[in-house]
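The sequence and the structure come next.

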Amino acid sequence: ADAASPPAPSPATPIALRFTAENGGAPELGQIRTHLDSKAGKLPVDLASASSVAQCMVRFLKLLHEPVVPFVLYHKAMSCARGKAAAAEVRGTAEALVVPLLPSSHRNVFYYVVGLLRLLGQLQPQLFEGAENCPTAAFAAAMLRMEPEWESMLDPSSSSGAEELATRTRFLQSFV
């Protein structure tokens, strides 16, 4: 793939496919990327839906060498979300043990994404219906990743892989 083409969907995030299908899809994403790459100023409202802009951001976040939650904090973040039923409990633990350790630029991006997910939930609540919670899951898969050699072994179709992805989603969802 060349620099102009969007990255291929990650096998670790199959739920992102529904998220993509419910917005404008690849042509609209390409228009957004072209506009932003040209530094043409503010994105025109009629160019793209909120969900397409969110999908572009997910793709961008997947390309970052270091995820928003750095590799060294991944297991600590996952331990905040494992075995906790209440979102408030997950968030409280994460705000005490993980968020303060994020580099400031990562922390800012983390909270920007949380704000974007909240806005997307207001604008297009149908995207958040069902167990998949697609936009949150897609962002969680991009923002919370293991070291590449471990991430490549994650099989989302296995029960342990599905649980790992669900834990990532639960972590991020606790903030939304």
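## Contacts and overall fold

Among contacts in the chain between residues at least 6 apart in sequence, 70% join residues at least 24 apart. The model is predicted. The chain contains 9 helices and 0 strands; read from the N terminus, its elements follow the order α-α-α-α-α-α-α-α-α.

Of the 176 residues in the chain, 41% are buried. The accessible surface of the chain is about 9100 Å², and carbon and sulfur atoms account for 61% of that area.

## Helix H7

The buried residues of H7 are Cys134, Pro135, Thr136, Ala137, Ala138, Phe139, Ala140, Ala141, Ala142 and Met143. In general, residues three or four places apart in an α-helix point the same way, because there are 3.6 residues a turn.

## Aromatic pairs

How many aromatic pairs does the structure hold? There are 5. One of them is formed by Phe110 and Tyr111: the ring centres are 5.4 Å apart and the planes meet at 80°, so this pair is edge-to-face. The cut-off that applies here is an angle over 60 degrees between the planes.

Tyr111 is partly exposed, at a relative accessible area of 32%. Tyr111 also pairs with Phe175, again edge-to-face, with 6.4 Å from centre to centre and 75° between the planes. This second pair links distant parts of the chain, since Tyr111 lies in helix H6 (residues 104–123) and Phe175 in the segment after helix H9 (159–173), 64 residues apart.

| Pair | Centre to centre | Angle between planes | Geometry |
|---|---|---|---|
| Phe110 and Tyr111 | 5.4 Å | 80° | edge-to-face |
| Tyr111 and Phe175 | 6.4 Å | 75° | edge-to-face |

Ring pairs join Phe110, Tyr111, Phe171 and Phe175 into a cluster.

Conventions:
Residues are numbered from 1 along each chain as its sequence is written. This is a predicted model: local features need pLDDT of at least 70, side-chain atom pairs count only at pLDDT 80 or more; totals for chains, interfaces and linings use all residues. Side-chain values use heavy atoms; hydrogens and water are left out. Buried means under 20% relative accessible area, exposed over 50%, partly exposed in between (1.4 Å probe, protein chains only). Helices (H or I, at least four residues) and strands (E, at least two) are DSSP runs, numbered from the N terminus. Rings of Phe, Tyr and Trp (its six-membered ring) pair if their centres lie within 6.5 Å; planes under 30 degrees apart count as stacked, over 60 as edge-to-face and the rest as tilted. Contact means heavy atoms within 4.5 Å. Accessible areas come from the Shrake-Rupley method with a 1.4 Å probe; for residues, only the protein chains shown count as cover.
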